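Student: Hi! Could you walk me through the charged pairs in this one?
Tutor: Happy to. Let's get it on screen.
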Amino acid sequence: MIKTRFLACSSVSANLESGNDKLVNALGTLSLSHDSAGKPTASSQVHAPKAASCSSVPISAEAAILIVAMRKLREAIVASRRRDMFAKAVYFFIIRTTIMLGHPESYHPALLYLFRCIHPFNALSNEEKMEYVGYLVLDLACRQNDLASAFHVRCLYNHRSRSVDTVLSALVHRNWLKYWDATTTTSAYERRLMQWTDEKMATHAIQCLGKSYLSIQKTFLERCTGLEWKSLKDTKKMSWALDEDRDNVIIKQIKKK
């Protein structure tokens, strides 16, 4: 009987793990619904229940249902004190899914429970530990802006990842070029966690460039901010002008005497 239960849990775990490779594309249908003007439509805007979410970001009806279902599943596992392969596989799926949905109220407590309650009794493999510790480190550093805790967790679990270390180094030194270059080497889940600090890095880059240059190449500006010129002009409301003939962005006009 024990052998049968173990094989059943292993089968479920394998099925969940096989689906993780398709998770990024599958969640595309759960993104925000928009109207022709690019704004979320009122009919599709659904907020998760207050107990599950403190976020003001509207989510689609399908995503809200999925988040509530995963929360109930997580609560059932906690109540039953399961720490077997099935519980571990379910938490892996929940963490990855809610990271892509941008729902920290789901993935952050799931990460904490995974390491505090499941890992001590059913140890994660080295690969699994490196992956999920990396998510926790990036969440602390990018979303919560708590670099001290991020480095503490990194040292606590002896985490070593070139992509995560590059992001941490860029945040510590506020090196926006290194930060944007790191986006090409991170996984989809890591990149999604990094997006919490994208705006801060772009704003810092704009401030530094504005104090240092009179004009700048448009391509270099886009690389420094991670945004295209049109999007940059619309979102940041800058007074900078584009010289289309030279493909230069004029930051400051030289006053003629």
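Tutor: What follows is a short chat about salt bridges in this predicted model.

Student: How many salt bridges does the structure hold?
Tutor: There are 10 salt bridges in the structure.

Student: Which residue does arginine 143 form a salt bridge with?
Tutor: Arginine 143 pairs with aspartate 139, and their closest N and O atoms are 2.7 Å apart.

Student: And where do arginine 143 and aspartate 139 lie?
Tutor: Both are in helix H6, which covers residues 126-143. They are four residues apart, about one turn of the helix.

Student: Is aspartate 139 buried or exposed?
Tutor: Aspartate 139 is buried, because its relative accessible area is 0%. Arginine 143 counts as partly exposed, at 28% relative accessibility.

Student: New topic: what about arginine 223, which residue is in a salt bridge with that?
Tutor: That would be aspartate 181, with 3.1 Å between the closest N and O atoms. Arginine 223 sits in helix H12 (residues 218-225) and aspartate 181 in helix H9 (residues 176-182), so this pair ties together parts that are 42 residues apart in sequence.

Student: How accessible are those two?
Tutor: Arginine 223 is partly exposed at 43% relative accessibility, and aspartate 181 is partly exposed at 36%.

Student: Why does arginine 191 count as buried?
Tutor: Its relative accessibility is 19%, and buried means under 20%. Aspartate 198 is buried too, with a relative accessible area of 14%.

Notes:
Residues are numbered from 1 along each chain as its sequence is written. This is a predicted model: local features need pLDDT of at least 70, side-chain atom pairs count only at pLDDT 80 or more; totals for chains, interfaces and linings use all residues. Side-chain values use heavy atoms; hydrogens and water are left out. A salt bridge is a side-chain nitrogen of Lys or Arg within 4 Å of a carboxyl oxygen of Asp or Glu. Helices (H or I, at least four residues) and strands (E, at least two) are DSSP runs, numbered from the N terminus. Buried means under 20% relative accessible area, exposed over 50%, partly exposed in between (1.4 Å probe, protein chains only).
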